[in-house]
Amino acid sequence: MNAKPPRGHVPLPVSGDRWAWWFLVPISVWQAVFYASSAVFLVVASFWTMKDYRLTPIWTLHNYAVFFTEFIYYKAYVTSLVFAVTTVAITILVAYPFAYALVFVVPKRWLGVALVAVIAPFWTNYLVRAYAWQVILANNGILNYLLIQARLITEPLDILYTLVAARIGLVHFLLAIMTLILYTTLEGIDKNLLEAAGDLGAGRLRTFLEVILPLSSGGLVAGAMFVFVLAFADFVSPAVLGGQAQRVFPQLVVDAVQWTVNWPQASAFAVIMVATILLVVGLFARWMRFAGFGRTVER
Amino acid sequence: MTTPSKPARGTGLRWDRFGDAVLRLYLVMGYAFLFAPIVVTIFTSFNADRFVPLPWKGFTWHWYEQVVGTRDLLVPLRNSILVATAVGLTSASLGFLGAYGLTRTRGRWQDVYMLGLISPLAVPWILLGLGLLVFFTRLGIPKSLFTVWISHTIFAAPLAMLTIRGRLLTMRRSLEEAAWDLGAGRLRAIWEIVLPQAAPGVVGAFLLTFTLSFDEFILAWFVSGFDLTLPVKIWGMMRSGINPTISAIGAIVFCLSITLSIVGQILQRRGAAA
Amino acid sequence: MTETLDVELSHVTKRYGDVVAVDDVSFGVYPGEFLTLLGPSGSGKTTILRMVGGFETATAGNILIKGVPMTHDPPYRRDTSMVFQDYALFPHKTVGENVAFGLKMRGVPADARRRRVQEALELVNLPGVAHRMPSQLSGGQRQRVALARSLVVQPAVLLLDEPLGALDAQIRKQVQIELKALQRRLGQTFLYVTHDQEEAMVISDRIAILRDGRLEQIGAPQEVYERPASRFVAGFLGECNLLTGTITEVRGDTVAVMCGRLGLLRAPATGAWVRPGLRVWIGVRPERLQIGDGGDGANTVHGRIRHAVFAGTVTRYTITVEDAEVTAVVLGRKGHGVGSDVRVWWDVADTMVIPEAHGGEAT
């Protein structure tokens, strides 16, 4: 019989501020004038022709046709894809235990230092890092010197100027990024769940396989997509460490600009790269939804 | 320290300890891998032997003298600092305005609009660089530091916007409303209240975009023309073979970056405390 | 009306998409009045306050401040000032700079500013904190600084959005009295929002009760408490025993209501709307119920005690009366055991007749 007022907080809706749209004008203009138009120019240029070292509006499909007819282009494309996918796989395999150890093994008071140490390698230039890998991996480099001194090998290993060296340099670059993404995901897992699993008698390995791994799959896949884009489009590591024998697609783009001065060709390759990235990321996202990833990550 | 599982059986504890030990060893190896290039960089920058890093042939300042002593490197260094400063300032400004706009607007299109604004972050720089090269050339804009500034700001501004937006989202909306309420107009309220509140984010965004621009190679390679930035200059040096001067540059940049990061951290802390 | 209202809302509606937050609300605030908007969460009270302050724009209707239409004006053009729920003190400015902010925006010279800040801080019993930062103050002190910051600009109407919500219960009671005293002393018009009915009763000259964006009733505390215009108001302002019935007769200033098996109950005729045949609620506050002998026999029922709980100063009884259950709150310790049959009665004057359908204008 007693009427009681209903309790419970209802969030107050807040109206947008129409005036505030004006603040988006500067950055929007910048991106529209420079970013959006250069994207349009790129696509248009890929259908044009280079004549007397000048970009000329003679429309053609030739720049795309060569991709399918010339074996070297096709080969570089496949090399690039394989290179990117394997590099991402290696990065994940290396980064996961690293992030796991950061979350579960490193004491709290050292965590700040440990995390800063992960990004510390970024404090020097990517080119300089690639150069350092050259110094390490060269025939008369540090790695071979140490291995020979340790009498593990007698002849220096040929690592530099192969895709193995390029992979080492690239994994080094991607490791920090992937580790931080995985760290954020693993750190967000409810520790009570892990204790519950422990109480139920699950050992560390089973807890990992049945609780931690499924719960971190969202971050894993997101990180993999991000890292794939970087790996697929990376020019520096293959160019500095990979040498000329097995060339990747971004090298072709740079070569088309630098040596043959064929911008339409480079543009067509760029469009193909963008299409590939969109396709792979799209498939990933599709497969993720299909496999039910992401749902479990929501806490 | 968090141990994820309590041992249910007698052997469990031993295995967990073993697991911890393995993970610790792994961490050490991981950090060794991460730090290898920077250690090698610093090491070779002092090594007297030009071509062979090991064994150690004696200490020298020679490579640093090469950096400081030649206009060859000082001009690109100056160019890079100039561009990075311009990019940092532009990005922090555009980013602040954009972040303010995004946090104060509502509507169905707001999310889409934001995605559009940050989409440059998803585009590989090599492709962005090629597009800009075509764009600048078609429009007859000569390649220079000016075009590098424009190009870097394309990816730096959205990043700055996201950084500052994160800070603005933690700011209570009522603060700005209180300023309006007490008679401050829109711009006055932004100047007096919003900007001081967002300051740590703005400074952080400046430092971040400065660093990225300072380090960026491939975009600059496409659009810098004859105005070499430091990474483009380093690229040229690398093509002519082993040269410890590169290590000396790397070591200098490393020290500068550490200093900037520490300064940034201190500023952020001070901002958080206020 | 000869007197200009400080604030006047006429047919104000606010919609967010399909959600109607405020639905055709009209009322006025007299100069020097302490008017409280009272209602549960989501009743639209804060939205109304924010529309008066200029932080939200009405979808329809008009808002006048000092007789001037201000519906679409931004906050900085309105002669209102708001004390926010979280106080909204500027964290990077000192207390003095916070209080001076409004004066600075109005172009008051620095020395006059300093003097008025000083006065304002003394007014809220916080002299000597001007140089401190807001983070160095306690919650209660911050609340008073926020008050000083709004008072110092001498607004036509001071808007307060649950300003005591963050304080703990004991300080709250004391601050209510202080706030009321301050308002009286200054003759400042207050438009106050709270969801706490006790606070509203203690502090207000008039209370406007809102529900689901609609104005249910507006009146002096005693009036809304004793003559609620709806079942919601009756229940929201305090515990209330409610029985349904039908008016059978209106004679002079008394009505007779047939309440099923409880029989004929009498109540004062509280409005012109009462007429025979109307379905109504009969309401009696638990503290007005009497157990035992007495009364003139008009409103008397018999029941059995189901629960009896001693709560210090009072005892609460739950009594089954025919097919209904009523609550009685009686001063003193337990006088009747569970299961005992009792006679329950109350004065005709303490009986409330509430229209069954919504009738906001019933009083």
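Student: What makes a residue part of the contact between chain A and chain B?

Tutor: Two residues are in contact if their C-beta atoms, placed from the backbone, lie within 7 Å. The contact takes 75 residues from chain A and 73 residues from chain B. On the side of chain A, helix H1 (residues 25-45) gives the most, with 13 residues. By class, that side of chain A has 54 nonpolar, 16 polar and five charged residues. Here Ala, Val, Leu, Ile, Met, Phe, Trp, Tyr, Cys and Pro count as nonpolar, Asp, Glu, Lys and Arg as charged, and the others, Gly among them, as polar. Please keep in mind that this is a predicted model: local features need pLDDT of at least 70, side-chain atom pairs count only at pLDDT 80 or more, and totals for chains, interfaces and linings use all residues. Residues are numbered from 1 along each chain as its sequence is written, while chains are lettered from A and ligands numbered from 1 in the order in which they are written.

Student: Why is H5(B) called oblique to H6(B)?

Tutor: Helices are DSSP runs of H or I with at least four residues, and strands are E runs of at least two, numbered from the N terminus. The axes of H5 (residues 125-139) and H6 (residues 145-169) of chain B come within 11 Å and cross at roughly 140°. Axes are lines fitted to C-alpha atoms, for helices over the stretch in contact, and angles run from 0 to 180 degrees between N-to-C directions. Angles under 35 degrees count as roughly parallel, over 145 as roughly antiparallel, 65 to 115 as roughly perpendicular and the rest as oblique. The angle therefore makes H5(B) oblique to H6(B).

Student: Which residues of H5(B) and H6(B) meet?

Tutor: From H5(B) come B:Leu128, B:Gly129, B:Leu132 and B:Phe136, and they meet B:Thr147, B:Ser151, B:Ile154 and B:Phe155 of H6(B). These residues divide into five nonpolar, three polar and no charged.

Student: How do you know that A:Tyr161 is partly exposed?

Tutor: A residue is buried if 20 or more other C-beta atoms lie within 10 Å of its own, exposed if 12 or fewer, and partly exposed in between. A:Tyr161 has 19 C-beta neighbours inside 10 Å, so it counts as partly exposed. A:Tyr161 sits in the loop between helix H6 (142-149) and helix H7 (163-187) of chain A.

Student: What is the phi of A:Tyr161 near?

Tutor: Phi of A:Tyr161 is near 65°, a positive value in a residue other than glycine. Most residues other than glycine have a negative phi.
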